[in-house]
Amino acid sequence: MASATITSPPTPLINKKDAGLSAFSSQASFSVRKSQKRACKKIVSVMAPQQSERRPATTGSVKTGMTMTEKIFAKASEKSQLSPGENVWVNVDVLMTHDVCGPPAIGIFKREFGENAKVWDREKLVIIPDHYIFTTDERANRNVGILRDFCNEQNIKYFYDIQDLGNFKANPDYKGVCHVALAQEGHCRPGEVLLGTDSHTCTAGAFGQFATGIGNTDAGFVLGTGKLLLKVPPTLRFVMDGEMPDYLLAKDLILQIIGEISVAGATYKSMEFVGTTVESLTMEERMTLCNMVVEAGGKNGVVPADSTTYKYLEDKTSVPYEPVYSDEQARFLSEYRFDISKLEPLVAKPHSPDNRALARECKDVKIDRVYIGSCTGGKTEDFMAAAKVFLASGKKVKVPTFLVPATQKVWMDVYALPVPGSGGKTCAQIFEEAGCDTPASPSCGACLGGPKDTYARMNEPQVCVSTTNRNFPGRMGHKEGQIYLASPYTAAASALTGYVTDPREFLQ
Amino acid sequence: MAASASIIPSNATATAKFRATSTAATTPLSPPSVLKFPSISPNYPSTKPLISHSALPHFQHKPLSAVTPPNASSTPPPTATASTFHGVCYVVGDNLDTDQIIPAEYLTLVPSNPEEYKKLGSYALIGLPSSYQTRFVEPGQFKSNYSIVIGGDNFGCGSSREHAPVALGAAGVAAVVAESYARIFFRNSVATGEIYPLESEGRLCEECRTGDVVTIEVADNKLINHTTGKENKLKPIGDAGPVIEAGGIFAYARKTGMIPA
């Protein structure tokens, strides 16, 4: 199937690990492992300052082309030139944390910088409770309280607080899922460095910035200094051309890629997405694409900023930004080309995001439930897509169908925006007519299971089609639960039949 | 009785609504392990000295250094002598993701709280499917009998949760030897100093079995399996060495002058 969709390059196959996949390496390999071996004689550390190394091209007279990610690193570390493998201290533009990792990061910050230490910049920290919110779990509730205390003490500008757990709408500041909130609130800007204590922070790469997930200790460090020591990643380029068929969504594209390169195919690497198809994607679709970069092991994903980006940002931020673009002569580790018009709707079967299969080949898989939500598949356009399928069918779902809008804004859109071709109906009306569950309070919800009383948590060994991002054992709760990752189209189609279903059953 | 399970050692002002109920009154506990790898003399750049672990066949002692709440007295970390790990190993497969290492429902535990750190350890690897017949931490225990974890490719993939290496460390794991690591997990291991992340040459996870007694000689880049009698090569720690040697990212940053000592 892969060979039908990928164009053959004129150069011979170099990337042997991906059998059947056309790829070529430009220039010498920038494999991280190779540079480690080469430099092993000296003490070259992943976190060493630059001064101790002699680099061949530092005369400044020879400037090599840089990729987008390299350029962002260069700007953030105040260097004119750098290459993959270098370790540099970068200035952080935005640090995000939430209710699960915020309290530990705060604990580390205070331990290391002192009880009375102040964060490096009260306007660059964005604190977004979103993971375990609508629960009676006392520790979870306590953790939101810890965030609140810290924000009060530090006078943090952006804290999207929630106090009334019984009615999310009664909390004007509360947003919901951090990665969607960051975008909606204008914290994502081209050319910047955004770090977050969550693996799906890579979502923000959709805005042409460097965005990646870090741990609590690293976050504690950033809280005090506004900097972090990072290794410049080499870039894999994914060129997607062709008109997007109307039964495909960005989720299918990224499942295609992860299935191609495996869950470790992009480890320590940047994934750059270009091509006419990418240019045709909306911001939310680009976010979905970049969101699952981490599922391939990727350090970050990037989509070059363009008019779609600027339009989206127009009413969201007044902070000036400076987009960067990969140079003509930039060196990429590998390049993969896809003819999108040949792709088909996909799923990732249990229990790995790279366990790719055609949705139509799984039509005999009986399912017990469908989940539509999360940073990956719970945005406004994801719900519009699901509604489109329900509308086309006109029938009712055959299995419990859980809907969890990512943020307050998404929830409101679900209840307010008319769905094209429906004669003015909203998503919410269509969902109700189709017999779905009522859209729930916005949060991360059951994407990662969570406390036992989390809405839609899988507490029994069931089969679920989900628009979320991971399907490792136990991900949504029960260890023996079987999760099929899919696009909102595929999820809705599956809900209507009670089996894993290709959305073309309803969309064509 | 509601005890305030405070994260911040002194003035946590959690409102009554959010006051957590501890299951036990706060008892003086060993503070969480932070620095496992104190700094070494710069005269020995090629060795990666670690805290020596006593050679008990079935339990790994892990020296704990003090987390210093501001007004508490601290015990200094043990000095580094040899660079050896010795203990019983637990073997897992490829793509051992962080949800299996520490399922999401336990992430409400905040590791900088000693009581919660200890609890986190009791849940280490509790997410493993039932195909793993041996439990990593016995029910009711806080620590594992296995101090070395041997894994395959892409160890620690999935979430960025730092609770993953911390849970392993809290359970008494001293080192992980995997074929390869996922980026964030590796980084978190180095930054926290909770576990020493080593890489094997080849499929150690197929050569060793849970329960084998092993010794790791870090300086010699080798793992000796006493149960099978085989020796396996390990990869040198490489780039992360100086950070681990310094004792994690904060110690390293202080050492290199990035933040004040």
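Colleague: At what angle do the axes of helix 13 and helix 16 of chain A cross?

Modeller: In this predicted model, the axes of helix 13 (residues 380–393) of chain A and helix 16 (residues 488–497) of chain A cross at roughly 35 degrees and come within 8 Å. Axes are lines fitted to C-alpha atoms, for helices over the stretch in contact, with angles from 0 to 180 degrees between N-to-C directions. Helices are DSSP runs (H or I, at least four residues), numbered from the N terminus.

Colleague: Which residues make the contact between helix 13 and helix 16 of chain A?

Modeller: Helix 13 of chain A contributes residues including Ala386(A) and Phe390(A), and helix 16 of chain A residues including Tyr489(A) and Leu496(A). Contact means heavy atoms within 4.5 Å.

Colleague: Now the largest nonpolar core: which residues touch the most other members?

Modeller: Of its 214 residues, these are Phe273(A), Phe390(A), Phe136(B), Phe155(B) and Leu168(B). Such a core is a set of buried Ala, Val, Leu, Ile, Met, Phe, Trp, Tyr and Cys residues joined through side-chain atoms within 4.5 Å; buried means under 20% relative accessible area (1.4 Å probe, protein chains only).

Colleague: Which helix gives the largest share of this core?

Modeller: Helix 13 of chain A, with seven residues.

Colleague: And what is the domain assignment of chain A?

Modeller: Chain A has domain 1 (66–317 + 329–338) and domain 2 (346–504), with bounds from an automatic or database domain assignment. Their centres, taken over C-alpha atoms, are separated by 24 Å. The contact takes 43 residues from domain 1 of chain A and 44 residues from domain 2 of chain A.

Colleague: What are the conventions for numbering and confidence?

Modeller: Residues are numbered from 1 along each chain as its sequence is written, and chains are lettered from A in the order in which they are written. Local features need pLDDT of at least 70, side-chain atom pairs count only at pLDDT 80 or more, totals for chains, interfaces and linings use all residues, and side-chain values use heavy atoms, leaving out hydrogens and water.

Conventions
Helices (H or I, at least four residues) and strands (E, at least two) are DSSP runs, numbered from the N terminus. Buried means under 20% relative accessible area, exposed over 50%, partly exposed in between (1.4 Å probe, protein chains only).
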